[in-house]
Amino acid sequence: MSQPPEPLRDVIARHGLQATKALGQNFILDRQLLSRIAAIPGIGDGDRVYEVGPGPGGLTRAILDTGASLVAVERDRRCLPALAELEAESDGRLKVISGDALDVDEKAEIGRGGHIVANLPYNVGTLLLLRWLAGDWPPFWSSLTLMFQREVAERIVAKPNSEHYGRLSVAAQWRATPRIAMAVHRSAFTPPPKVASAIVHIVPAPQPDGVNPQVLETVTAAAFGQRRKMLRSSLKSVPGALDALNTLGIDAERRAETLSVDEFVALARALSRD
Ligand code: SAM
């Protein structure tokens, strides 16, 4: 990888990789920006990374340049020849999987302690984020570095009493620490998407004791499903919830968006005992 890399615009032209809207393709061509993104997880020699949606391979190369090794899954078969070129230059550090990331067992691919990096269409990105935030804890990944529409990124890091605070905020914050690592302007992409983007960096945190994740999910789904209503109405459908609010001293006239993540956790813990 010591040669100066070919401009990504040329790689794209050489392989005929015009962006396809149906696959949510908005490519980043600026190598400096790609290096700054690859630096976010703090990876280097010996680290293992799983990249979703490498496309023409710009971020892939930037990750390889850190010294890390990488498994990358891409759904668009047109991108495979460009990725095969990178694979050939990588001294065995890059493995490309052709397929849909939703079908890949990423834990089997990178094992415990790996880092996940993705610049994905927003619907697939949110689905995968929820999958990576669910399940046994601590998770197999050490960090997630994910590009989202700015509004989705704000929902992930939102605090109570704010417009963006909701289910996704609680899911991302109750046993992990998310932050917005970088705002990315529309003009950084080819073609530019309609809205601004941001990169979220998430690391696992200790899981609070005695909480069943499914119970927490049921509580937040009910509470935020009717976010303008008081808890005594929105949580009526959750057995035991109104008694638990009372025991915990949480005013049932409050609305979901005023409850802290710790209060949701306390409520889920009380209901997990039943
Ligand atoms: N990583 C490149 C970059 O930063 O320029 C490309 C990003 S582009 C926004 C998203 C990429 O994800 C595209 O290459 C697209 O084909 C791929 N993709 C979309 N859905 C996918 C899926 N379900 N599984 C794997 N790759 C997917």
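At what angle do helix α11 and helix α12 pack, and how far apart are their axes?

**Figure 1. Packing of helix α11 against helix α12 in the predicted model.** Helix α11 (residues 241-248) packs on helix α12 (residues 261-272) at an angle of about 120°, and their axes lie 10 Å apart. The angle makes α11 oblique to α12, and the crossing of the two helices is right-handed. On α11 the contact is formed by Ala241, Ala244, Leu245 and Leu248, and on α12 by Ala266, Leu267, Ala270 and Leu271. By class, this contact of α11 with α12 comprises 8 nonpolar residues, with no polar and no charged ones.

**Figure 2. Packing of helix α2 against helix α3.** The axes of helix α2 (residues 31-39) and helix α3 (residues 58-65) are 8 Å apart and form an angle of about 55°; the two helices are therefore oblique to each other. The crossing of α2 with α3 is right-handed. Arg31, Leu34, Ser35, Ile37 and Ala38 of α2 meet Gly58, Leu59, Arg61, Ala62 and Ile63 of α3. The contact of α2 with α3 consists of 6 nonpolar, 2 polar and 2 charged residues.

**Figure 3. Surroundings of the ligand.** The ligand is surrounded by 21 residues, of which Ile28, Gly53, Glu74, Asp100 and Asn119 are the closest. An N or O atom in the side chain of Glu74 lies 2.6 Å from an oxygen atom of the ligand. A polar side-chain atom of Gln25 is 3.0 Å from a ligand oxygen atom. Arg75 places a backbone N or O atom 3.4 Å from a nitrogen atom of the ligand.

Conventions: Residues numbered from 1 in each chain as written. Predicted model: local features only at pLDDT ≥ 70, side-chain atom pairs only at ≥ 80, totals over all residues. Heavy atoms only, no water. Axes fitted to C-alpha atoms, helices over the stretch in contact; angles between N-to-C directions. Helix = DSSP H or I, 4+ residues; strand = E, 2+ residues; numbered from the N terminus. Parallel < 35°, antiparallel > 145°, perpendicular 65-115°, else oblique. Left-handed = near helix turned anticlockwise from the far one by under 90°. Contact = heavy atoms within 4.5 Å. Nonpolar A, V, L, I, M, F, W, Y, C, P; charged D, E, K, R; others polar. Near = heavy atom within 4 Å. Polar contact = N/O pair within 3.5 Å; in protein donor to acceptor, adjacent residues only side chain to side chain.
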